[in-house]
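Me: I'd like to go through this chain with you, one topic at a time. Here it is.

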Amino acid sequence: MLSGIIFINRNGLRWRDAPREYGPHKTLYSRWKRWSEKGIFAQMMVGLAAEHGEEKTVMIDATYLKAHRTATSLAAKKGGVDA
């Protein structure tokens, strides 16, 4: 179950796009929602961060990449960006 939740979140997929190996998508979503409300994922992240010595982490998600791609393509259509 946990592998399915991680797979969906990591790849930015909809719950219904989960591969069958991870079980029914409704079960994945229900478990994710219930665990999130209990703070289980937050505790896991705190535990993982405590084990790692890195003080600063930069995360880039699909939304950031899409915004960057859109801005770049708009700049190209308007004649380029002053560099």
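Me: What should the 14 residues of H2 span at 1.5 Å a residue, and how far apart are its end C-alpha atoms?
Reply: The 14 residues of H2 should span 20 Å, and the end C-alpha atoms are 20 Å apart, which agrees; the expected span is 1.5 Å times one less than the number of residues. This is a predicted model, in which local features need pLDDT of at least 70 and side-chain atom pairs count only at pLDDT 80 or more, while totals for chains, interfaces and linings use all residues. Residues are numbered from 1 along each chain as its sequence is written, and side-chain values use heavy atoms, with hydrogens and water left out.

Me: OK, and how many helices and strands does the chain have?
Reply: The chain has four helices and zero strands, where helices (H or I, at least four residues) and strands (E, at least two) are DSSP runs numbered from the N terminus.

Me: At what angle do H1 and H2 pack?
Reply: Helix H1, residues 2-11, packs against helix H2, residues 25-38, at about 90°, and their axes, which are lines fitted to C-alpha atoms over the stretch in contact, with angles running from 0 to 180 degrees between N-to-C directions, lie 10 Å apart. H1 is therefore roughly perpendicular to H2, a label that covers 65 to 115 degrees.

Me: Which residues make that contact?
Reply: From H1 they are Leu2, Gly4, Ile5 and Asn9, and from H2 they are Leu28, Arg31, Trp32 and Trp35, with contact meaning heavy atoms within 4.5 Å. By class, the H1 contact with H2 has five nonpolar, two polar and one charged residues; Ala, Val, Leu, Ile, Met, Phe, Trp, Tyr, Cys and Pro count as nonpolar, Asp, Glu, Lys and Arg as charged, and the others, Gly among them, as polar.

Me: What comes just after H2?
Reply: Glycine 39 does, and it takes a positive phi of about 85°.

Me: Switching to burial, is arginine 20 buried or exposed?
Reply: Arginine 20 is exposed, at a relative accessible area of 79%, on a scale where buried means under 20%, exposed over 50% and partly exposed in between (1.4 Å probe, protein chains only). Arginine 20 sits in the loop between H1 and H2, and its C-alpha is 9.4 Å from that of glycine 4, 16 residues away in sequence.

Me: And where does threonine 27 lie?
Reply: Threonine 27 lies in helix H2 and is partly exposed, with a relative accessible area of 29%. Its C-alpha is separated by 8.5 Å from that of methionine 1, which is 26 residues apart along the chain.

Notes:
Parallel < 35°, antiparallel > 145°, perpendicular 65-115°, else oblique.
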